[in-house]
Amino acid sequence: MMNNPLANDQSVTTKSTEAQSFGGLLPAPHPMARRSFLRSLGLGAALMTPIAGALTGVARGANLGSGNALSNSDADILRFLAAAELIEADLWQQYAELANGNDAYMTAVSAIDGDFPRYIADNTDDELSHAAFINAYLAAMGAQPVNLDAFRTLPSSQATGAQQIGRLTNLMNLTVDTSWWIRYRSPKNPDFGAKFPQLIKIVNRPTIPNRDYPVGSDAIQAIANSAAFHFGTIEQGGSSLYTSMAELASDLTVLRIVTSIAGSEVFHFAIWDDTAGNVPAVRVPGLIFPDIATVFEGDPLRQKDLIMPEPCAFIDASLPLCSVIRPSLTQNAGAMAAANGFEISGLFKGQPPAFFQTLNSLAAAADAATRSC
Ligand SMILES: [Fe+2]
Ligand SMILES: [Fe+2]
């Protein structure tokens, strides 16, 4: 295994990929001590750690691809992706802690699929690897990586299993967009203006328990069911984001990074797309999960087993329908669209304005990237 050049830099990663595997899943708390190293790069409070000088195992430019210097546009793309991955890693870590450390939540997610605790842990590992890799690549190419540690200030769940550390994301008041379920069963494409209704209305709900619940209670099952849809929401967003960023990348190695991680995001989405339909029917005040297998049988836009992406309009409506990731246009799938999607879901509830300025600045720079060869 290659040495991780940032293995000693806890602002970026906390452990090796092997150590992140299921048995030793939960990373150590992200220390705040690196705050003093953070500095603005004209991105409001954008927090970048100048760690290139701390690299130990990778010489700049050595065996890192084309040999070309990283363009500003490519660096902007990778920086937003690094930020998105840090955010993904933060939320997935919260899911992993509780899916593997809280009896009631573990039982509830396992009622959806017996493999969920492991899948959730493995998805978490993948996001940690994405964030660490992109930041390490930026640093190795002499560009500034991204560090959001100063914003790890949101409270943890008080339920058994959750580490008591500062978080970037808030999973207590989420409005989960479930329209992807219908979008991927439809021959219409949001890049051509199509809009899709929600499959399940999950509005201002927790997706992890904020306290301990009785094993087998409807309340904990509703929380787990909401999470099962949030998993797909996050990963379809990642699939679209990477697809849109690929179009803006210039350097072939950057394109390889973007398209290769995109495949991992799609892999995740496919799993969550397939499994979300298994959520047990449950009803709690303000939230109803029907028996999806029976209630939507025969409805081509909602039927449980129609999990393969339906061919849809792509590039030009005069062309044959094509089974693709959708949306993929920058305005619908790019960095700002992703940041907005996170924000309106409530994922950052409690973050200060400086956080949003940071994220939006990174997003605007990525979307403004121009392809040059
Ligand atoms: Fe990722
Ligand atoms: Fe992801």
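Helices H1 and H10 are oblique to each other, because their axes cross at roughly 140°. On the cut-offs, angles under 35 degrees count as roughly parallel, over 145 as roughly antiparallel, 65 to 115 as roughly perpendicular, and the rest as oblique. H1 covers residues 72–101, H10 covers residues 353–367, and their axes come within 8 Å. Axes here are lines fitted to C-alpha atoms, for helices over the stretch in contact, and angles run from 0 to 180 degrees between N-to-C directions. The crossing is left-handed. That is, the near helix is turned anticlockwise from the far one by less than a right angle; clockwise would be right-handed.

Who makes this contact? From H1, it is Asp76, Ile77, Arg79, Phe80 and Ala83. From H10, it is Leu359, Leu362, Ala363, Ala365 and Ala366. Contact means that C-beta atoms, placed from the backbone, lie within 7 Å. By class, that gives eight nonpolar residues, no polar ones and two charged. Ala, Val, Leu, Ile, Met, Phe, Trp, Tyr, Cys and Pro count as nonpolar; Asp, Glu, Lys and Arg as charged; the others, Gly among them, as polar.

Now the ground rules. This is a predicted model: local features need pLDDT of at least 70, side-chain atom pairs count only at pLDDT 80 or more, and totals for chains, interfaces and linings use all residues. Residues are numbered from 1 along each chain as its sequence is written, with chains lettered from A and ligands numbered from 1 in the order in which they are written.

Stay on H1. Its 30 residues should span 44 Å at 1.5 Å a residue, and its end C-alpha atoms are 43 Å apart, which agrees. The expected span is 1.5 Å times one less than the number of residues. Is H1 buried or exposed? Mostly covered: 28 of its 30 residues are buried. Buried means 20 or more other C-beta atoms within 10 Å of a residue's own, exposed means 12 or fewer, and partly exposed is in between, with C-beta atoms placed from the backbone.

Next pair. H5 (residues 218–246) packs on H6 (residues 252–276) at about 155°, with axes 8 Å apart. That makes H5 roughly antiparallel to H6. Their contact has 14 nonpolar, eight polar and three charged residues. This crossing is left-handed.

Zoom out. The protein chain has ten helices and four strands. Helices (H or I, at least four residues) and strands (E, at least two) are DSSP runs, numbered from the N terminus. Of the 373 residues, 51% are buried. Among contacts between residues at least 6 apart in sequence, 76% join residues at least 24 apart.

Threonine 175, in strand S1 (residues 174–176), touches Ile202, Val203, Asn204, Ser345 and Gly346, leaving aside residues up to four places away in sequence. Its C-alpha atom is 5.6 Å from that of isoleucine 202, 27 residues away along the chain. Threonine 175 has 16 C-beta neighbours inside 10 Å, so it counts as partly exposed.

Last, the backbone. Most residues other than glycine have a negative phi, and most peptide bonds are trans. Asparagine 204, in strand S2 (residues 202–205), has a positive phi of about 55°. Isoleucine 315, in the loop between H7 and H8, has a positive phi of about 65°. Isoleucine 315 is exposed, with 12 other C-beta atoms within 10 Å. Arginine 326 and proline 327 are joined by a cis peptide bond, omega about 0°.

How values were computed: Two residues are in contact if their C-beta atoms, placed from the backbone, lie within 7 Å.
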